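The sequence and the model come before my notes.

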Amino acid sequence: VCNVLCMDFKFMSHKQQLVILGATGSIGLSTLDVVAKNSDLFDVFALTAGQNAKKMAELCIKHSPLYAVMATQSAAEELSLHLKGTACQTLIMHSQQAMSDLCAHPDVDIVMSAIVGAAGLLPTLSAVEAGKKVLLANKESLVMSGQLFIDKVKKHKATLLPIDSEHNAIFQCLPHSLQNAQSDKNLQDNGVSKILLTGSGGPFLTRDIRTLKDVTVSEAVAHPNWSMGQKISVDSATMMNKGLEFIEAKWLFNCNSDDIDVVIHPQSIIHSMVQYHDGSILAQMGNPDMRTPIAHALAFPKRIDAGVKPLNFSDICDFSFTKPDFTRYPNLQLAIDACSAGQGATTTVNAANEIAVAAFLKGKIGFTDIYKINAQTLESAQYTNVQSLDEILQCDELARLSATQFINKVAH
Ligand code: NAD
Ligand code: MG
């Protein structure tokens, strides 16, 4: 009798089935942490990752997903070896197509999109096309496909919730009627006069600009406030991250460049703000820990435990704000200009930056070369109409080729 009752109870209290794209990364691990704290609400349906089979094996043992998907066959084989002889029942698969298929699986409720870079686009779009609740950390997918992405969200009635801390903060501060990307309403007609997108300025906010060319990889990835993957850490140091976020905000909140101001706030206590016509400014605050926006989006509109300590205002010594200096952060200007120029430009700058940052991380180019590669690629790009998925992927591919050529010219 007890078994029957328990089964009935389990059936009645349907847990949300979750797929995590990029499970072995910084956002993926933070998501699993929040899920483990709320195991009465969420079940891990599938985990996916690129190459890190060892980490994936640990996660499979700990979280017992039904499926684990690696990017390549060799990584999947390595995962099988790690799990051999354990009690783990997880089915192992590989390929991007398998990730996309699982995102669209009828049993899945929520997809956390946390692959880094353009590799996240197709699985994320698959989740959108299946009308899932999509938690978007992978900003690059929205930057590279903008209108197409949002049109698909509307067409397939997907729920799109921002994980990027700034966008999650803006979402929380907006009136309910403006919160989602399905809304065609504009900010100005609905009481909002500005979105104030905050950024810490990264590790080089006060470093002598003349020495930026000598920045090492370990200096660039050492973010003062946030612990993140390597690519986004470098993007934060160049502030290309804020540029990508500027474009992300345009699409998520149906606004244009004039509606968004970037504000430097080195302490990362305020995660962004919304300014209203009546002079009110609403800010979302908290300790810089991605588990807060992850928990917010996972449970929205409910609130759940994220394991994050609340702010202690008596510990806060500095609370300051400045304007961004575009000579220090030329990548930020480049991305803002690309945002006004349109989809061809944003797809191009996103692809060029991904290639340039990878080259910097490999020691092939210097820190300030990242901007040069991005600017040269944009300048030489010959895109015309970039709207369909094929046009977007082609534009992305051409920008990667062109950026690689520019890198080969400066590479040491
Ligand atoms: P990360 O490098 O720590 O993790 C990336 C994940 O993607 C890993 O699981 C990796 O295995 C997987 N991956 C990489 N290449 C892949 C491929 N070709 N196919 C399939 N999977 C692949 O990165 P992160 O810091 O977790 O960031 C993930 C995304 O979230 C990025 O788009 C980033 O901009 C965004 N984001 C991160 C943070 C943060 O605090 N880390 C904050 C805001 C937004
Ligand atoms: Mg952010």
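**Entry 1: Strand S1 and its partners**

I began with one residue pair and found that Leu-18 stands opposite Ile-110 in strand S5. I note here that the model I am reading is predicted. I then looked up the pairing of the strands themselves: S1 and S5, the latter covering residues 110–113, pair in the parallel sense over four bridges.

Next I asked which sense of pairing S1 has with strand S2. The two pair in the parallel sense, over six bridges, and S2 spans residues 42–49. In this pairing I located Gln-16 opposite Phe-42 of S2. I followed the chain from S1 to S2 and found that it passes through helix H2, residues 26–37; this β-α-β crossover is right-handed.

I also checked whether S1 is covered. S1 comprises residues 16–21, and five of its six residues are buried.

**Entry 2: The nonpolar cores**

I looked up the largest nonpolar core and recorded 104 residues in it. Met-112, Phe-149, Leu-160, Ile-163, Phe-253 and Leu-298 have the most contacts inside this core.

**Entry 3: The magnesium ion**

Which residues are the protein donors of the magnesium ion, ligand 2? I found Asp-164 (OD), Glu-166 (OE) and Glu-245 (OE), lying 2.1 to 2.2 Å from the ion. Along the chain these donors follow the spacing D-x1-E-x78-E. Glu-166 in helix H8 (residues 165–173) and Glu-245 in helix H11 (residues 240–252) are 79 residues apart, and this pair links distant parts of the chain.

Glu-166 is buried because its relative accessible area is 8%, and Glu-245 counts as buried because its relative accessibility is 1%.

**Entry 4: A four-stranded sheet**

I traced an open sheet of four strands in the order S9-S8-S10-S11, with mixed pairing. S9 (260–264) and S11 (281–285) are the edge strands, and each of them pairs on one side only. On average, neighbouring strands of this sheet are turned by 20 degrees against each other, direction ignored.

Within the sheet I examined S10, residues 270–276, which pairs with S11 in the antiparallel sense over five bridges. Met-273 stands opposite Ala-283 in S11. I then returned to helix H8 and found that H8 lies across S8 (192–199), S10 and S11, running at about 40 degrees to S10.

**Entry 5: Helix H10**

My last entry concerns H10, residues 230–238, and I asked how many of its nine residues are buried. The count is seven, and the helix is mostly covered. I listed them as Lys-231, Ser-233, Val-234, Asp-235, Ser-236, Ala-237 and Thr-238. The buried residues of H10 pack against several helices: H7 (139–155), H9 (217–220), H11, H13 (330–341), H14 (343–361) and H15 (369–380). Finally, I noted that Met-239 follows H10 and has a positive phi, near 65 degrees.

Technical notes:
Residues numbered from 1 in each chain as written. Chains lettered and ligands numbered in written order. Predicted model: local features only at pLDDT ≥ 70, side-chain atom pairs only at ≥ 80, totals over all residues. Heavy atoms only, no water. Buried < 20%, exposed > 50% of the residue type's maximum accessible area, 1.4 Å probe, protein only. Pairing = 2+ DSSP bridges. Right-handed = clockwise from strand over helix to strand, strands pointing away. Donors = N, O, S within 2.8 Å, 3.2 Å for Na, K, Ca; no water. Axes fitted to C-alpha atoms, helices over the stretch in contact; angles between N-to-C directions. Contact = heavy atoms within 4.5 Å. Core = buried A, V, L, I, M, F, W, Y, C linked by side-chain atoms within 4.5 Å.
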